[in-house]
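Here are my notes for when you open this one up. Have the structure on screen and follow along point by point.

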Amino acid sequence: ANGLAERIAILLGVAVVAGISIGGEVPALRPQIRRKITAGKEFRPFEQQFEVEKDSALDFSFLNHVPAGKFGRVVAAGDHFEFAERPGEPVRFYGVNLSAHGGFPDKKTAELAAERFAAYGINAVRIHHHDNILTGGGRNSSELAPEWIDRLDYFFHCLKKRGIYLITDLYASRTMPAGAVPGISHAVGMNEWKGLVMVNSDVKENHKRFVRNWLEHVNPYTGIAWKDDPALIAATNVNEGNFDHWLKESSEETRRMFDRGFEEWRNRRPAGKKEKKDNSSLRLAYLAELHHDFYLEMREFVRSLGTELLLTDLNMGKTPWNSMVRDAYDFADNHFYVEHPTGILPFRLENVSMIGKFGGPLIGMIPGRRGGKPFTITEFNWVFPSRFRAESGVLTGAYAALQDWSGLWRYTYSHPEKTLS
C-alpha cells in the first residue's frame, strides 16, 4: 500500500494542469419557438413496437445458451472472461442498465421484459440504483424489504431462464437516516456515504450487513443463494466511489474525519510532520491508499461468505492514479457519456460528431484498460437530443473491438417500472 501512495504522489508531483478562464458573462438564451406537431402530409403517426416476433429474422434469442450459468461461474482469465466449464473460450457480454424501480417489475412485466431482452440479443443486464429500494427506501438501511427482494428474485429467475446474466453493485445509492451514524447529525446521502464508509466503522459494518443479507439470501424461484448463483457475473463494491470526487460533496463532519485520518497517516510516514498539510498530491495519495485498503477488506469479507463472485471498484474516471488502484481488482470497469449535462443551467449541447474528435470521451477509456485483466463499460450513452446518436453503436463497438473489451451496458433502458411494460 505504501508503494501505491508513493507512485501516486510522484505522478501528481510531475502532472501539469492547464487552467481555462471563462468570462463572467452569462450567454443569452435563445427565444423559445413553440410548434404543435399534428398528423398530416408532413408528419405521420408512428407507433413504436417493442416486442419481436418469435423466430423472425429479428429474434436473436438463439444466441443465448439457457439457462444462464449452464457452463459454471464466469471467471477472469487473463484479459477476458470465460465460463469455468469452458476454459480457453473468451466470452463477452452486451446489455442494458435497469435503474431504480426499473429493476423491480411485477411478475407479468418480468416475464415480458426478459423475453424481449433475449429477442434483442442481450445476454446480460445490470441492476443499478437498486439498494435503497431493496431495503425499503432507507427506513431500515441493511435489512431486505420482503416485497422488493421478492420482485428482484423473480426477475432474476426470468432473466436466467432465457440465458441472461446479471451484474450489479454492492452499493449504489443507499441512504442512512439522521441519527443512524454516530458523530453525524444529518441524513447521509449517496455521495457522502461513498467517502464515509471508508473512515467510519459504523457505516462500514452497515455496508457489510447489507452485503451479507443480500448475498446469503436464497432466491425461492431458483433455489440458490445469490452468492452461489453462476448467473450473477460480478459486482462493483461502491459505484462511482472515486476518492477525488465525493469528498467535495461531503459535510464538514465527514471532512473532519478525513482530516484526522490524514494527519495520523502523514505522521506515520518517514518524512512525517515535515510534509506540508496542504500538499494536494499527498492528500490524494492518502485517499488512494485508503480506497485500496477498503477494497481489499471488502474483497476478503465477500470471500469469507464462500463466494467467488468477481469484484471491481472505482468505475469512473480516466486519471492514471485511478488506473493504478484498479490493479488489485478482478477486472477493470469504467463509465463514459458523450455530452453529459453539467448540472448547471442553461444546459448546452455541442451537437457535433465524435468521429472528428477521435471518439470524444471514448478515447479516455483507453488508459483504464489494465493489462492482464478483463475490461468492461457498465455505463455509456450519447446524451440526447443529438443529431449524432447513431454513431454510438458503431464507435463504441469499434473501440471495444480495438481493445478487446469484455462487456458493454448502455445506460439506461428504464428507471420507472412502467417503461418496461
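**Notes on the model**

1. Let's begin with Phe358, which is exposed, with a relative accessible area of 64%. You'll find Phe358 in the loop between β10 and β11. Have a look at its backbone too: phi of Phe358 is near 55 degrees, a positive value in a residue other than glycine.

2. Before going further, remember that this is a predicted model. The mean pLDDT of the chain is 89, and 90% of its residues reach 70 or more. One stretch to treat separately is residues 8-23, where the pLDDT is below 50. Beyond near neighbours in sequence, that stretch has 14 contacts in the model.

3. Back to that loop between β10 (332-338) and β11 (375-382), where Glu339 also sits. Glu339 isn't a glycine, yet its phi is positive, about 60 degrees. Is Glu339 buried or exposed? Its relative accessible area is 18%, and buried means under 20%, so Glu339 counts as buried.

4. Now check the peptide bonds. Val66 and Pro67 are joined by a cis peptide bond, with omega about -10 degrees. Pro67 belongs to the loop between α1 (2-14) and β1. Another cis bond links Tyr411 and Thr412, again with an omega of about -10 degrees. Thr412 is in a strand, namely β12 (residues 407-414).

5. Next, the hairpin. Strand β1 (residues 74-77) and strand β2 (residues 80-83) run antiparallel, and four bridges join them. If you want a pair to find on screen, Val75 stands opposite Glu82 in β2. How many residues lie between the strands of this hairpin? There are two, and Gly78 takes a positive phi near 65 degrees in this hairpin. While you're looking at strands, here's a handy rule: in a regular strand the side chains alternate between the two faces of the sheet.

6. Finally, helix α4 (residues 146-161). This helix has 16 residues and spans 23 Å from its first C-alpha to its last. That is close to the 22 Å expected at 1.5 Å a residue. Which residues of α4 are buried? Among them are Trp148, Ile149, Leu152 and the run Asp153, Tyr154, Phe155 and Phe156. His157, Cys158, Leu159 and Lys160 in α4 are buried too. After α4 comes Gly163, whose phi is positive, near 80 degrees.

Technical notes. Residues numbered from 1 in each chain as written. Heavy atoms only, no water. Pairing = 2+ DSSP bridges. pLDDT = per-residue confidence, 0-100. Contact = heavy atoms within 4.5 Å. Expected span 1.5 Å × (residues − 1). Buried < 20%, exposed > 50% of the residue type's maximum accessible area, 1.4 Å probe, protein only.
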